[in-house]
Amino acid sequence: MTKFICYIASFLDSFTSETNGLIPEIKNSRISALSLFSILLLIFSCEKDNEQYVNFDAENDELTDLINDVSSLTALQLNKENTIQSIPQDPKNPITQAKIDLGKLLFHETGIALNPKQTEGMKTYSCASCHQAKAGFQSGIKQGIGEGGFGFGLFGEARVMATTYKDTTIDVQPIRSPTILNSAYQDVMLWNGQFGGTKTNQGTVAQWTVGTPKETNTLGFEGLETQAIAGLDVHRLIINPKMIVNNETYKALFDEAYPNIPIEERYTKLYGALAIAAYERTVVASEAPFQKWLQGEDGALTETEKQGAILFFGKGKCYMCHSGPALSGMEFHALGMNDLGSSEVHGSIDEATKKGRGGFTKNPEDDYAFKTPTLYNLKDVHFLGHGGSFTSVKEIIIYKNNAIIENNEVVLSNISSQFKPLGLTDIEINQLTVFVENALYDDNLERYVPESLPTGQCFPNADAQAKEDTGCN
């Protein structure tokens, strides 16, 4: 606005000079006043505006320098080439568009909810029941509910246990449902990293217990693929070959995705799960303002967001744990956070779950350590931390700034060396919060959701109340 005023002032000044010689009678009246006004604006407004633009450029330079000191602008870009090939993938499950198209539907398909513990749960839940777009591909409630859930609300916040179910029959996990967003940038899955038969989990073979979901690691896939395969059984979902063959759309999609797989193997759990994993890998927050800034849009971030980013990569040292394109990490840290509260969740929290990575590796040094999650799209999430003990981004930033543990069960010797006071002021906490909440927020995640399903089923849930809440008939 001040730039515009400068141009007007300059114009008036020129106009005055030109007309003074042509119309002497107005020389000392209106035009002179406008000329004086233009001079004042030039002195005060333009000077201030130039100063603002210098600061804007200086902040860009400072943030760029900070990032280049610890990484690079390119290294932090999600899907930097906007192509399938630029997304990390499992060599044993190359991503193709055909797999993505198939996986996108199967992930949301309530028609594969064919193994419920109670008949009323038949075809009422899906993978998306606990990982849906409106909640940043997390659950809209503290403890996600698959089978046995009832209702949805606006973003999953109204989902509760159906009155006909009990804690022993409902499908829930004893820990908060992690997001699938940006999960392509991690090679093991879940808070304890138990899924994944390569890289980070090398040396953990002894813990791939036969007869448990962890045995799936023996197939040699990375975390997303392993979790998708094991998760279908865990969450009572079935890829039924007969159903697939009898549905023209699904059959054609399987045929296009797996033309070289024998017919007798093609329409099975394994290949359905690999398609789901291929789709999950493409679910990235690539349209967030910070991503646009990284790709050269200098004005994509507000001044406050930029100040928050400078703190993130500077004084706050957040990048030391939250690194890479997803601002996540493959390290496990004990930060002394609470587990799910026993009085507000279904079922009990077992000791292995409480011990996080140590509960899987059986190494006491790993006890109470949990995988570093992505920081994208947290604004709509009202339960943060592995136990959902924080209700906002600001709360968790304050917790890390103070570095005082809240869970007295955690052994102090296991607390991460990164968990120490940051010395952030209230203003800096607010700036950092704005950066995480807004600059890392992709407001178009619905692009990853299908318009409808080949079965005609409602999704992400298809119980009577959820249908009413979502307007699905």
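**Group meeting talk: a predicted protein model, residue by residue**

I start with Gln118, which touches Glu147, Thr164, Tyr165 and Thr169, leaving out residues up to four places away in sequence. Touching, or contact, means heavy atoms within 4.5 Å. This is a predicted model, in which local features need pLDDT of at least 70 and side-chain atom pairs count only at pLDDT 80 or more, while totals for chains, interfaces and linings use all residues. Residues are numbered from 1 along each chain as its sequence is written, and side-chain values use heavy atoms, with hydrogens and water left out.

Back to Gln118. Where does Gln118 lie? Gln118 is in the loop between α3 and β1, the latter being residues 149-150. Helices (H or I, at least four residues) and strands (E, at least two) are DSSP runs, numbered from the N terminus. With a relative accessible area of 15%, Gln118 counts as buried. The cut-offs are under 20% for buried and over 50% for exposed, with partly exposed in between, using a 1.4 Å probe and protein chains only. The side chain of Gln118 also makes a polar contact of 2.7 Å with the side chain of Glu120. A polar contact is a pair of N or O atoms within 3.5 Å; within protein, one must be able to donate a hydrogen and the other to accept it, and residues adjacent in sequence count only if both atoms are side-chain atoms.

Now the whole chain. The protein has 15 helices and four strands. Of its 473 residues, 52% are buried. Taking contacts between residues at least 6 apart in sequence, 69% join residues at least 24 apart.

On confidence, pLDDT is the predictor's score for each residue, from 0 to 100. The average is 90, and 88% of the residues score at least 70. Residues 1-54 stay under 50, and the model has 29 contacts for them beyond four places in sequence. Where pLDDT is low, the predicted coordinates should not be read in detail.

Next, Lys269, which is in helix α8. Is Lys269 buried or partly exposed? Lys269 is partly exposed, because its relative accessibility is 30%. Apart from neighbours within four places in sequence, Lys269 is in contact with Ile229, Leu232, Asp233 and Ile239. With one of these, Asp233, the contact is also polar, side chain to side chain, at 2.7 Å. Pro241 is 28 residues from Lys269 in sequence, and their C-alpha atoms are 8.5 Å apart.

A few words on backbone geometry. Most residues other than glycine have a negative phi, and most peptide bonds are trans. Arg236 is not a glycine, yet has a positive phi of about 60°. Arg236 sits in the loop between α4 (223-234) and α5 (241-246), and is buried at 9% relative accessibility. Leu327 likewise has a positive phi, near 50°. The loop that holds Leu327 runs between α10 and β3 (332-333), and Leu327 is buried with a relative accessible area of 1%. Which two residues does a cis peptide bond join? Phe459 and Pro460, with omega about 5°. Pro460 belongs to the loop between α14 (426-439) and α15 (464-470).

Last, helix α10, residues 303-312. This helix is mostly covered, with seven of its ten residues buried. The buried ones are Glu305, Lys306, Gly308, Ala309, Ile310, Leu311 and Phe312.
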